[in-house]
Amino acid sequence: MFRIGVDVGGTNTDAVVMEQRTVRAVVKVPTTPDVMVGLMQALGQVLEAAALGPDQVGLVVIGTTQFTNAVIERRHLTQTAVVRLALPANRCLPPMVDWPEDLRAAVGEHIFEAAGGFNFDGTPITPLAPAEIARIGTDIRARGIDSIAVVGVFAPVRDDAEREAARILAEQCPGAGITCSADIGQLGFLERESASILNASLRSLARRTVESLKDGVARCGLRCPVFLSQNDGTLMDAATAARFPVLTFASGPTNSMRGAAFLSGRSEAIVLDIGGTTTDVGLLQKGFPRQASTTADIGGVRTNFRMPDVFSIGLGGGSLVNEKEDRLHVGPRSVGYELTRRARVFGGETLTATDIAVAAGRARIGDPARLAGLDADVVRRALENIESQLALAVDRTRLSAEPIPLIAVGGGSILMPARLVGLEVIRPPYFAAANAIGAAIAQTSGEVDRIYSLESLTREAALAAAEAEARAQAASSGALQDSIVVTEREDVPLAYLRGNATRVRVKVVGDLQF
Amino acid sequence: MRTLNPSDIEALAIGTAILGTGGGGNPYITKLRVLEELKRGRRVQLLGLDELEDDALVLSIGGIGAPAVSIEKLEEGTEGVRALRAMEEFLGAKVDALISAEIGGGNGLEPMVTAAALDLPVVDADGMGRAFPEMQMTTFSIYGHRSTPAAVCDEHGNVVLFRHAVSELWFERLARATVVSMGGTAIGAEAPMRGRYVKRAGVPGTVSQSIRLGHLVLEANRAHRSAIPEICALEHGIHLIDAKIVDLKRHLQGGFSVGTLELEGIDAHAGSSARIDFQNEFLTFERAGRIEVCVPDLIVILDVDSGHAITTDVLRYGQRVAVLALPCHPLLRTPEALAVVGPRAFGLENIEFHPLPRPGERAP
């Protein structure tokens with residue numbers, strides 16, 4: 001059977017057909033306002049290029065930035081009620097306190113605080129009061145709101161109060177979309193709460209978009225399951241994606257890096273994804289992007305998603321070559337999508353990084369004759385500047401002084417020299433479609449992040465319990481038992497707390513059965 | 001008296017992180033709370049030591065507990081007020097002003113929340129002039145004052161009063177046990193002092209110092225220039241090295257984050273290397289086999305581009321940092337202070353404290 005990976009980006013929709021671990025065909029079409037149209041064009045073309053019938057495809061995986069863009073552009077967000085289970089704790093700061101005004105207005109300020117949170121050891125702060133939740137449900141229904149976020153203190157440690165509250169609210173508000181924070185993120189209350197609210201407010205867009213994507217796949221005659229790729233590079237089924245759109249927020253850079261790992265056959269490397277305007281540089285560890293340790297900002301909101309630790313610089317194929325007095329700098333301004341009109345090699349008047357790469361013989365694009373008369377010294381200095389910017393980004397991303405390969409992907413990777421700061425540079429085949437390939441090869445996962453008390457449990461037993469639960473999660477998401485491996489395992493003793501509390505996080509991934 | 005505005009509070013959070021010398025906890029949540037108080041129309045007033053009455057009753061307010069819990073279970077909001085009221089009741093006297101025991105990190109802002117609620121001034125001073133890992137490491141305690149009586153309050157409104165502890169160590173032990181049973185975090189009101197004692201034992205001017213530092217960094221960011229030379233000029237500091245972290249060893253030991261950082265010089269400092277040891281806060285800076293700076297002088301690690309502080313928990317390989325040394329206040333340099341906060345107090349038996357020159361002093 002074949003699988004198809006699609007990346008629905010802001011500008012282009014890329015699609016790839018793969019047979020086991022071999023790429024059979026790659027296409028690129030412009031993204032359309034109604035994503036279904038572009039998707040259908042991409043699917044149709046890629047099936048044709050691979051000379052396949054729709055019944056030969058067993059799986060379609062789609063990566064999309066639609067939901068991230070909706071938050072950034074403040075579009076398609078629905079009014080959402082926030083039900084906090086915390087009292088008397090957490091009263092000092094209201095939900096969305098650190099959000100930009102316009103985003104808070106888009107979501108509305110429908111805030112309800114109730115009891116039902118837990119302490120770090122799972123004891124209740126104050127037990128949930130079902131009658132109180134029912135009253136809140138009545139109020140929400142009276143306001144005509146059908147999107148609800150339920151957020152409990154220490155819900156990642158113990159989620160039963162959130163589930164019970166969600167059940168009561170569902171009774172009071174039939175048909176409402178309810179998001180529980182335990183499904184969204186890890187410890188860090190304000191950040192998890194913000195992410196849960198964003199998720200709830202995106203659900204109606206997510207439902208429409210996912211339906212539209214599934215519809216597009218079906219209209220191309222494909223009868224196979226449709227999955228979406230999530231932040232950590234693993235899969236979720238379409239129904240889950242419709243319920244948890246925020247889990248796709250970082251899938252773009254993740255897919256590029258996973259695709260780069262696959263195409264190069266390297267699992268420990270630095271990936272440079274060079275686009276038209278920017279370059280994203282990140283580290284691959286065991287074939288997965290290294291995660292950032294700090295909070296991630298989405299459209300001005302702090303969240304605590306595990307995002308790839310990507311360092312971005314303003315350098316890409318469309319970057320302008322600026323010369324001021326004796327200083328020459330490439331970027332950060334760029335001609336962007338107008339590259340094929342404004343660059344010198346394409347008949348334009350603007351000297352871009354792509355022109356420099358062509359002049360230096362690193363690429364054959366457009367008409368090199370149009371670069372006649374270009375000062376060789378300018379080319380040399382521009383190349384030096386490009387290399388020093390890339391070298392700095394690589395330097396910041398390295399975790400050790402050991403030699404590590406560099407993988408260049410993305411349309412702008414023609415800027416990469418053959419070696420950089422003494423490191424080998426790999427430019428794999430199909431480098432421009434790394435993101436769609438990353439979607440196509442996605443695996444499924446399970447994850448546990450919880451605080452255990454080591455009073456009656458050894459550290460090893462706590463780790464083993466967490467691993468067993470994560471494996472069970474992955475298996476229930478369709479992973480082949482034998483393929484499940486642990487990708488992350490950490491335990492952090494909690495400073496300043498006696499009682500031997502420790503935070504354990506275990507993540508496993510496995511191949512999807514299809 | 002000076003009234004602080006929201007941009008002062010933003011600056012204060014940046015400045016207290018710098019004086020945290022790698023520790024002290026993240027001031028983000030406390031900063032948001034103070035800003036909310038200002039939005040409600042309340043005010044935070046800063047009282048200079050010269051404006052403080054000798055007989056004024058000054059109380060120190062701060063959070064106690066695990067930072068990992070305090071990012072999830074936040075305060076109800078009136079803990080500080082309740083702890084303060086319990087102390088007033090016990091003492092039979094009204095509190096006139098609040099103070100932070102530790103300016104470095106989140107606790108540098110904690111008294112502002114209660115101060116805004118009760119319209120009490122915050123004294124422009126603290127008990128460390130930086131951050132230290134333990135409660136007894138304050139100048140208040142070093143110069144003979146006891147933390148007890150003290151009150152601890154949780155989000156339910158439970159208030160525990162510590163009438164008397166026979167030593168600071170006992171207080172630390174009893175307070176920790178109480179806070180764990182309160183769910184891991186609480187607010188404490190401790191060490192009621194008279195104005196005349198604060199003038200003698202408090203590290204002066206550290207709140208306004210933090211605000212100045214923060215404004216300077218923000219202004220430099222806006223103008224796209226480096227904040228580092230200006231920080232050095234303001235603090236009489238030394239720009240030790242611009243470097244890349246080339247090795248980082250870190251582990252938890254007795255509730256502290258303990259480790260070593262190896263640095264390799266970059267740009268103007270290329271070719272030189274250095275090492276920093278830490279225990280929550282940065283303890284020593286060593287270059288070419290010689291300890292150039294050690295605790296209680298401040299070793300500060302800043303992001304080389306933004307000038308914002310980097311704390312020990314987010315240090316990582318490959319970061320490009322600027323390392324600065326800032327002279328600590330003379331109150332931390334006396335023999336009685338060095339016995340509590342000098343290198344030997346951190347188990348550094350063979351290291352002698354050679355103080356950095358202060359303004360007006362010449363380098364030795």
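Visitor: Two strands pair if DSSP finds at least two bridges between them. Which residue in β7(A) is the bridge partner of Leu85(A)?

Guide: In β7(A), Leu85(A) is bridged to Gly152(A). Strands here are DSSP runs of E with at least two residues, helices are runs of H or I with at least four, and both are numbered from the N terminus. Residues are numbered from 1 along each chain as its sequence is written, while chains are lettered from A and ligands numbered from 1 in the order in which they are written. This is a predicted model, where local features need pLDDT of at least 70 and side-chain atom pairs count only at pLDDT 80 or more, while totals for chains, interfaces and linings use all residues.

Visitor: How many bridges hold β5 and β7 of chain A as a pair?

Guide: Five bridges, in the parallel sense, join β5 (residues 81-85) and β7 (residues 147-152) of chain A. Both belong to an open sheet of four strands in chain A, ordered β6-β5-β7-β8, with parallel pairing.

Visitor: Which strands are at the edges?

Guide: The edges are β6 (110-114) and β8 (177-180) of chain A. Each has a single partner strand, so one side of each has no neighbour in the sheet. On average, neighbouring strands of this sheet are turned by 15 degrees against each other, direction ignored. For such angles, axes are lines fitted to C-alpha atoms, for helices over the stretch in contact; angles run from 0 to 180 degrees between N-to-C directions.

Visitor: Which helix packs on that sheet?

Guide: Helix α6 (residues 189-219) of chain A does, touching β5, β7 and β8 of chain A. The direction of α6 makes about 160 degrees with that of β7(A). Two residues are in contact if their C-beta atoms, placed from the backbone, lie within 7 Å.

Visitor: Zooming out, how many helices and strands does chain A have?

Guide: Chain A contains 13 helices and 24 strands. The C-alpha trace of chain A spans about 80 × 55 × 50 Å along its principal axes. Of the 514 residues in chain A, 53% are buried. Buried means 20 or more other C-beta atoms within 10 Å of a residue's own, exposed means 12 or fewer, and partly exposed is in between, with C-beta atoms placed from the backbone.

Visitor: What domains does chain A have?

Guide: The assignment gives domain 1 (75-202), domain 2 (266-429) and domain 3 (443-510). The bounds come from an automatic or database domain assignment. In chain A, the C-alpha centres of domain 1 and domain 3 are 26 Å apart. Five residues from domain 1 of chain A and five from domain 3 of chain A make up their contact.

Visitor: And how is chain B divided?

Guide: Chain B has domain 1 (2-204) and domain 2 (226-346). In the contact between them, 18 residues of domain 1 of chain B meet 22 residues of domain 2 of chain B. α1(B) gives four residues to the domain 1 side, the largest share.

Visitor: How many residues of each chain are in the contact between A and B?

Guide: Chain B puts in 30 residues and chain A puts in 33. On the chain B side, the elements that each supply at least two residues include α2 (28-39), α7 (168-181) and β10 (238-253) of chain B. That side has 13 nonpolar, eight polar and nine charged residues. Ala, Val, Leu, Ile, Met, Phe, Trp, Tyr, Cys and Pro count as nonpolar, Asp, Glu, Lys and Arg as charged, and the others, Gly among them, as polar.

Visitor: What is phi for Tyr430(A)?

Guide: Phi of Tyr430(A) is near 60 degrees, a positive value in a residue other than glycine. Tyr430(A) lies in the loop between β21 (423-426) and α12 (434-440) of chain A.

Visitor: Why does Tyr430(A) count as partly exposed?

Guide: Because Tyr430(A) has 17 C-beta neighbours inside 10 Å.

Visitor: And Ala288(B), buried or exposed?

Guide: Ala288(B) is exposed, with 8 other C-beta atoms within 10 Å. Phi of Ala288(B) is positive, about 50 degrees, although the residue is not a glycine. Ala288(B) is in the loop between β13 (281-287) and β14 (290-294) of chain B.
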